Amino acid sequence: MYNERVVEHFSNPRNVGELPDADAIGENGSFKCGDTMKIYLKIKDDRIVDVRFLTFGCGAAIASSSMLTEMVKGKTLDEAMEITNQDVADELGGLPPLKLHCSNLAADALHNAIENYRKGKGKIETA
Amino acid sequence: MDHSATTPVREEVVEAMLPFYRELYGNPSSVHALGRTVRRAVEEAREKTALALGAEPTEIYFTAGGTESNNITLRGAAKKRGKPGHIITSSIEHHAVLDVCSELAAEGHRVTFLPVDHYGRVNVNQLQAAITPDTFMFSIMAANNEIGTLQPLAEIGEVAREHQILFHTDAVQLVGQLPIDLKSLNVDFLSLSAHKFNGPKGIGALYMRKGAKVTPLYCGGGQERKLRPGTENVPGIVGLSLALELAVAEIEEKRKRLEALRTKMIKGLLAISETILNGHPEERLPNNVNVSFKHIEGEAILLGLDLEGIAASSGSACSSGSLDPSHVLSAIGLDHPTAHGSIRFSLGRGNTKEDVDYLLQVVPRVVDKLRRISPTYHA
């Protein structure tokens, strides 16, 4: 059902955890279908210099979270805002059709973090 | 560890079936010698099947499996009735009963889906209270496929008999796991499926008590006394009867062995923090273990286990292909996140103590790894 790249990211997820000194935190998901992703960004001069994530969800949700963190490191905030959920799925070499809408939530969590940062309330209050 | 999904066909069963694909390929309805030989094999299979269940051979009808047996019973009884009536079933039935009941409801029948307690058991008093003058059928499963909980068949049968209501039980998960004696139970219809007890797929049976009547759903031939017309699946019938005969002969030994493994598994799994057992601690199938690991999602657990060579199943939304977790786990009162983290392990004949030891090594590791990724888990 999943390709090797997805399984590889699921087995060895990159950038797992929290960033205690995060400049922005974002979240996306719904507990109804089960999946939730929390993303932590370290930002310097409008550029993402470090990133971590925590995800509750299926194999696809974990793999796409991991993939996204690899994709955004070093990107400017504007560049990061351009990344879509579909880009993440493509970078993984595709996800099963059923998973595309429910478990592919990483880019939305990232955008949420950046929006929070831009609204100036990205500092850790929720942690 | 996924034997409630299906089981491998026993070698001796395969061997017994093969001649009926080769030299004994005849049609049991044929008048000639080959046909008569095959007819004899079908009737011997019927006798064996009846004997294993405590039934009469004339009460056994071969079908394509559990789903077909359920449909023949429920739709057939509704058709026979000929006017709207009331059916009582439980909220944790397999979809092969639930969906038939929902369709019958859409066609004008009234259906009561009885709630269950947090172990998954139907309350007989509630069942009794739900009866109305037009109740014509109870359909209550013998053992639940997800959580393994056993229903009080004897008591439900007494209520059915007292009120002259037909009683159907989907016993697909029970047959071959625990002894059953239809002579001592007031069950009118019982569905079973061969592939759950090391028989072939695509073959099942319906027990229909003498005197109980339904209108056939199909027409076209006289096979299975017109209840299930169509040329008989002879190799399947032979395979089913032998698999059942063997399962019943070994039932006590297997039960003891699997219960010991199950107890060990439950104890080992509950040693993992924030893990709960789903279903009844004792009144459950000897081969069923169902647990919820909080803070993590079932499909991810399945994938993690699969990568370590362990096959299991889950009631999470992701593994069900819908957005909601299993109706069974919701009915026993699990909240969504807990239901999403449920895993069913189901033991079979081939499982050993070593398998359980290996499982108990792997599961804590997989669970811990996923919890480290979870936003809701705080060690």
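**Close-up 1. A loop residue of chain B, Q164(B), sits between a helix and a strand.** Q164(B) belongs to the loop that links helix 6 (153–162) and strand 5 (166–170) of chain B. Helices here are DSSP runs of H or I with at least four residues, strands are runs of E with at least two, and both are numbered from the N terminus. The model is predicted, so local features need pLDDT of at least 70 and side-chain atom pairs count only at pLDDT 80 or more, while totals for chains, interfaces and linings use all residues. Residues are numbered from 1 along each chain as its sequence is written, and chains are lettered from A and ligands numbered from 1 in the order in which they are written. Q164(B) is not a glycine, yet its phi is positive, at about 55°. Is Q164(B) buried or exposed? It's exposed, with 8 other C-beta atoms within 10 Å. (Buried means 20 or more other C-beta atoms within 10 Å of a residue's own, exposed means 12 or fewer, and partly exposed is in between; C-beta atoms are placed from the backbone.)

**Close-up 2. N198(B) is another loop residue with a positive phi.** Look for N198(B) in the loop between strand 6 (189–193) and strand 7 (204–208) of chain B. Its phi is near 65°, and N198(B) isn't a glycine either. N198(B) counts as buried, because it has 25 C-beta neighbours inside 10 Å.

**Close-up 3. Three strands of chain B make an open sheet.** The strand order is 8-9-10, with antiparallel pairing. (Two strands pair if DSSP finds at least two bridges between them.) At the edges are strand 8 (275–277) and strand 10 (342–346) of chain B, each pairing on one side only. From one strand to the next, the twist averages 25°. Strand 9 (residues 288–293) of chain B is joined to strand 10 of chain B by five bridges. Across that pairing, N290(B) stands opposite R344(B).

**Close-up 4. S346(B) lies in strand 10 of chain B.** S346(B) is buried, with 28 other C-beta atoms within 10 Å. Which residues does S346(B) contact, leaving aside its neighbours within four places in sequence? They are M1(B), D2(B), H3(B), S4(B), N287(B) and N288(B). (Contact means that the C-beta atoms of two residues, placed from the backbone, lie within 7 Å.) S313(B) is 33 residues from S346(B) along the chain, and 8.7 Å separate their C-alpha atoms.

**Close-up 5. Two helices of chain A cross at roughly 50°.** The axes of helix 2 (residues 59–72) and helix 6 (residues 106–118) of chain A come within 9 Å. (Axes are lines fitted to C-alpha atoms, for helices over the stretch in contact, and angles run from 0 to 180 degrees between N-to-C directions.) Helix 2 and helix 6 of chain A are therefore oblique to each other. (Under 35 degrees is roughly parallel, over 145 roughly antiparallel, 65 to 115 roughly perpendicular, and the rest oblique.) From helix 2 of chain A, S64(A), S65(A), L68(A) and V72(A) meet A106(A), A107(A) and L110(A) in helix 6 of chain A.
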